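Hi there,

Here is the structure I promised to pass on.

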Amino acid sequence: MRLEINKIVTLGNGEEYLIIDKVEKDDKEYYYVAEINEDGNDIKDNYKIVCATYKDNAVYLDEVLGEDKLKSILPLFVKE
Amino acid sequence: MLIIDDNKMKLLKMRRKLLEVSNGNNNRILNDYKDIILDIDSKAYNDLVEEVNNVSYSNLSLEEQIDYFNQIDADYTYLNELQCSFKRIFSKYSGFDIELSDISVIAIDEIRERVSAIQAYLLNCKNLENNKIELEKLNDDFILENKKNNTIIKQINSLEEKTKNDLLLAEGRIQNNNGGMEYTSIQEEFKNFDIDLKKILANDNLLHDIYNEAKEEYRDNEEMLEAALICYQNDNNNNDVYNKIKLNTLKSKYKLILLSIVLEVCTKNDDYSLVKTKVNKILDLIKQRKKTLQQLNIKHFIDPFDRININNYMEVIKLFDDNIDNMTNLRHTISYFTSLIEEITFENEVLLNKINTSIRVIDNNSNNNQVDKKEEELVDNSLNSLLLVADEDDKVIKIRDVGNDFLLDRVYEKAKGVINRVNQMFTNIPADDKVEHFQTIPELVIEDVSEDKDDIINNEIVFNNDNIFKDNKEIGNENNNVFDSTTDKNDLFEELLPFTNNIEKDEIKVNDKKEYDNEDVFEEVVPFESAPLFDNKYDDDIFNDKDNKENQKKLIDVIKEEDNLENTMPDIFWNDSNEKAITDNENDDNVLSFDEQVEALIGNTKTKKRAA
C-alpha cells in the first residue's frame, strides 16, 4: 500500500481524504490532506497535516498536532 | 556493476571490531553499525535497481543480453551474500534480526532462465550450423558413392558383356580318343549339341527355348535312367542299354549345365546386389560341368571355361558391396543429421519464442510492497524507535484514484490558499498573544459568577471543539464577549478550523495540563469532590469519550449537590456579591488581594475557556 498525491485514502473510521501534497522531514512522511465530501466529488473544508506510519503491512495516518510541530511542518508545504 | 564504498566498509569493520571488544552496553555501536549496514544496503539496492532499469535489454543483441543479465546476476549474488553477512553479524551482536532491502524484487530466476535460454539458443545455432555443414558433406559423400555405384554397375554390365564374348572366344585343348590333343572351344562344345552359341547369346527367347528343351530332355533321360536302373542294372544282357541310357543322361545333363551357364551369363537383373548370387551360380555350374566331364571321361588339356575370368566379378562385387554399405551408412547418417537439425530447429523456435517474450526484470508490485515492508520493518526494528500504538480509525484501509468529476485544479488552488494563510498566521502571530488576551479582558471579573454559575458550568460541560475555536475567534475580536457562543461566520476561520482545533487540543493535552495543575483556580470553580472527574483524563475524554455526557451529568449532579455545601467551596463563590468579594485586601493576609482575586478570576475564566 503506497500513498501518493492525487489519491483518495479511506481510513478505518470511514473518512475519506484526498492527498494534496507530501513532504518528508526527519525520515518521516507528512501529507497535506483534505476530507472528501459525501458525494466523493469535492473536498470539505477540513484540512489536516498527517504523518504516515507503517506497521504490519498497514499505513496509519496520525494527525500532526501542536503548534510547534505544525510550525515546523507547515512551511514545507508552502510553495513559492 | 555494484561498487561498495570502501570507506563505509572500513567503518563497518571498525564498528565490528568495537562490538567484538565491547562488554555490556553496546547499543550505540550497534546503532552505528546498523546505520552503516542500512546505508550500504540501500545504496547497493538502489544501484542494482538502477542498473536494471537503465538498460532496455530488448535493444541488446543476444550476446550483449547474456553479458547484461550475467552482470545483474553477479551483482544480485554479491548483494545477497553481503546481506547474509550483515544479517548474521547484526543478529550475533544484537540478538535482533535486521530487515534489509528485499532483492527478491529482482526476478533472478527469470533472468537466469533467460540467460540459459539465450545460451542454449546460441549453442543450438552453432550446432545447427555445424550439423548443416556435416549434412552437406554427407550429401556430397552420398552423391560420390552414388556415382561410384553407377560406375560399378557399368563395370558389372561391361563384365557381363565381356563374359558373353569370352564364351564365344574361349578356346581350349581336349584329349581325343587316341590320347592326342585336339582344338576345342566353348562354341565347339555347344556345336556338339547342335546349338549355335552365337545365336542363343543374341536371342534370349531362343536361349530360353533351347534351355527348356534341354531341361525336358535331361528330365526324360533321368526318368529313363531310373527305369533302366530298375530294369537293367543287374541284367547283364541289357547292360549296354543301361549304360547307353546313363551316357545319354550325362550328356543331357552336361548340355543343360552348358545352357545354364549361358543362361546365367545372359541374365540381366535390375537388382545388382543379385550379381554376386549369379556369379556364385556360374562358378557352381562350372564345377558341376567339370564333374560331369569326368563322368563322361572327357579330359581337357586346356579347359576353355578356365579362360572365363569369373574372379573379375568378385572385385567388382566387393566394390559394389562396399559402395552399397557406404551408401546405406550415409543414408542413416544423413537421416540422423536431418532429424537432429529438425529437432534443433524446433527447439530453437521454442527458445526464440521464449527469448522474444519480454521478462519483467523487476517485479514492480513486489517492489512497492517490499518498500512498504522495508520502511515498516525499519520502524519496527529500530532500536530507538518509539512504540507506536496504532489507532484502527487512522488506518488506511483503501487507496483509490480520484474520480473524473473531481475538480482537482480548483481543489488544489483552494488547498494551497488555505495552507498559505495558515502558515502566514503561524508565522505572524506569536503564540503568547492568546495568553495576553486572557489577561487583558477586564469584563470577565466584573460578572457575577455565582449567579451565572450554572450557565458557566453548563458552558464548561458543553465542551466541544467549536467552543474552543469560537473562543479563540472572540479573542481575535476583542469587542465580543468571550463567553458569547454566537460568532461571526468567517470563511478564513472556517478553513482554519481544523488546524486551530488541533492546536487547542494539543495545547490542552500537552502544555496547559501542567498549567491547570499549578492553578488552584480550577478547584474554585469545580467542587473539590467533583474535581477528580476532570482529573487526568478530562482532556482526552472531553473530546472523545462517548460517555462524556454521562460524566457531564454526573458532574452537574455533584456540583448541584455541592451547591448546598457552601463550606466546601472557596469563599469567593459564596459571598453575597462579587463586588463585595472583589475588594482590596492587600493588608489582610487571610483574604486575597484585589489583584489576586482578579488574577484568580482570569485564571478561572481561562480555566473555563480551556475547559470549554
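Below are my notes on some salt bridges and on one pair of packed helices.

Before you start: this is a predicted model, where local features need pLDDT of at least 70 and side-chain atom pairs count only at pLDDT 80 or more, while totals for chains, interfaces and linings use all residues. Residues are numbered from 1 along each chain as its sequence is written, chains are lettered from A and ligands numbered from 1 in the order in which they are written, and side-chain values use heavy atoms, with hydrogens and water left out.

Salt bridges first. The term stands for a side-chain nitrogen of Lys or Arg within 4 Å of a carboxyl oxygen of Asp or Glu. Searching the whole structure turns up 30 of them over all chains.

One is between B:Asp401 and A:Lys7, at 2.4 Å from N to O. B:Asp401 sits in strand β4 (residues 395–401) of chain B and A:Lys7 in strand β1 (residues 7–11) of chain A, so this pair joins two chains. (Helices, H or I with at least four residues, and strands, E with at least two, are DSSP runs numbered from the N terminus.)

Another is A:Asp42 with B:Arg410, at 2.4 Å from N to O. Here A:Asp42 is in the loop between β3 (28–36) and β4 (43–55) of chain A, and B:Arg410 is in helix α12 (residues 408–428) of chain B, so that pair joins two chains. A:Asp42 is buried at 17% relative accessibility, whereas B:Arg410 is partly exposed at 40%. (Buried is under 20% relative accessible area, exposed over 50%, partly exposed in between, with a 1.4 Å probe and protein chains only.)

Within chain B, B:Lys255 pairs with B:Glu217, their closest N and O atoms being 3.0 Å apart. That links distant parts of the chain, helix α8 (residues 239–266) and helix α7 (residues 204–232), with the two residues 38 apart. B:Lys255 is buried at 13%; B:Glu217 is partly exposed at 32%.

Now the helices. In chain B, the axes of α3 (residues 62–94) and α4 (residues 108–169) come within 10 Å and cross at roughly 145 degrees. (Axes are lines fitted to C-alpha atoms, for helices over the stretch in contact; angles run from 0 to 180 degrees between N-to-C directions.) Residues in the contact (heavy atoms within 4.5 Å) include B:Phe69 and B:Tyr76 of α3(B) and B:Val115 and B:Leu122 of α4(B).

Happy reading!
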